[in-house]
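Me: I would like to go through this structure with you. Could we take it one topic at a time?

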Amino acid sequence: MSEPTLPATSGAPGAHPVCPRHPERESYVTCQRCRRPVCPECQRPAPVGVQCVDCVRESARAARPTRTTFGGRTSDGNPLVTKALIGLCVVMYAVQLARPGTTGDLAFAPIVGSEQPWRAITAAFLHSPQMPLHLALNMLWLWQIGPYLESLLGRARFLALYLVSAIGGSAAVLLLATAPRRLITAAEASQYSSWAVSVVGASGAVFGLFGALLVLNRKLGRSSGPLYGVLAINAIFGFLYPGISWQAHLGGLVTGAAVAGVFALLANRDRRSWQWPALALVLVLIVAAMVLDYSSVPDVYR
């Protein structure tokens, strides 16, 4: 017959039980898990009695991570990805100011996108050096909705949403540009000016977050009323003011909605393993559309 485990003592006959973490403190309360004495400072509430901090830490380490509604790992409430994206955009803006050639080297334009496809994503981390408001507005929107979406999706899915939306915005700039499908004369060049126009900005990715928010809120039964007004105002500005790439806005919006649709449709626990393959399919379709569009343009223009 086994004997019950006795609380730890100092080892001397008649010694009082003491807390292992604070040997100077007597403790007649024991941890329900390891049965060691535990002082008030080291006690943590448990379903029955208390546990010591060591047992609580060990239990947390062994527990399976909890998941969000859409399958992402729950975070500690600190929107690290959102902060990192904002920080990267600010750093790149400083680099643009210090080295003006950076903008031309990394901006996206259909005429260079075929040979330098990475520009489809690098452009999303650049902003107009002449317009600080461009950076400020995009970062403001990112900070307004980024933490909310990051908490819904988890960090990995939120980052994927942002990056794929950025690529979708660049893809729309390409697909909606007037492409030279044949050799053209100098007199005709002005008709194809959009083919050579460079675009920068996180707007495509941010609009992807807008599109995702519409889809996810609908899935959760939440209202997106104010967001429709924001989208309407931005749409009007995009068409009325020169220099704003409404194409990137539209492409990002549609892409973000599609990515969020994948996460929403495959949110059930038994379907979540298909989320990443489905997301990869969305990205493949975007890239395929870009490749197909480029294939119809003479080599000299790409």
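**Backbone, helix and surface**

Reply: We may begin with R35, whose relative accessible area of 36% makes this residue partly exposed. Please note that the model is predicted.

Me: Where is R35 found?

Reply: R35 lies in the segment that precedes β1 (43-45).

Me: And what is the phi of R35?

Reply: Phi of R35 is near 65 degrees, which is a positive value in a residue other than glycine. Most residues other than glycine have a negative phi.

Me: Changing topic to α2: what span should its 19 residues have?

Reply: At 1.5 Å a residue, helix α2 (residues 80-98) should span 27 Å, and its end C-alpha atoms are 27 Å apart, in agreement with that value.

Me: Which residues of α2 are buried?

Reply: The buried residues of α2 are V81, T82, L85, I86, C89, M92, Y93 and Q96. Seen down the axis of α2, these buried residues fall within an arc of 140 degrees, so they line one face of the helix.

Me: Why would such a spacing point one way?

Reply: An α-helix has 3.6 residues a turn, so residues three or four places apart point the same way.

Me: What covers the buried residues of α2?

Reply: The cover includes α3 (101-106), α6 (132-153) and α7 (155-175).

Me: Now the surface: which residues form a nonpolar patch?

Reply: The patch consists of I233, I236, F237, L240, Y241 and I244, with about 600 Å² of accessible area together. Of these, I233 is placed in helix α9 (residues 225-240). I233 counts as partly exposed because its relative accessibility is 49%.

Definitions and conventions: Residues are numbered from 1 along each chain as its sequence is written. This is a predicted model: local features need pLDDT of at least 70, side-chain atom pairs count only at pLDDT 80 or more; totals for chains, interfaces and linings use all residues. Side-chain values use heavy atoms; hydrogens and water are left out. Patches are made of residues with over 30% relative accessible area and no salt bridge: like charges are joined within 9 Å, nonpolar side chains (Val, Leu, Ile, Met, Phe, Trp, Tyr) within 5 Å. Accessible areas come from the Shrake-Rupley method with a 1.4 Å probe; for residues, only the protein chains shown count as cover. A salt bridge is a side-chain nitrogen of Lys or Arg within 4 Å of a carboxyl oxygen of Asp or Glu. Helices (H or I, at least four residues) and strands (E, at least two) are DSSP runs, numbered from the N terminus. Buried means under 20% relative accessible area, exposed over 50%, partly exposed in between (1.4 Å probe, protein chains only). The expected span of a helix is 1.5 Å times one less than its number of residues. The arc is that of the directions from the helix axis to the C-beta atoms. Contact means heavy atoms within 4.5 Å.
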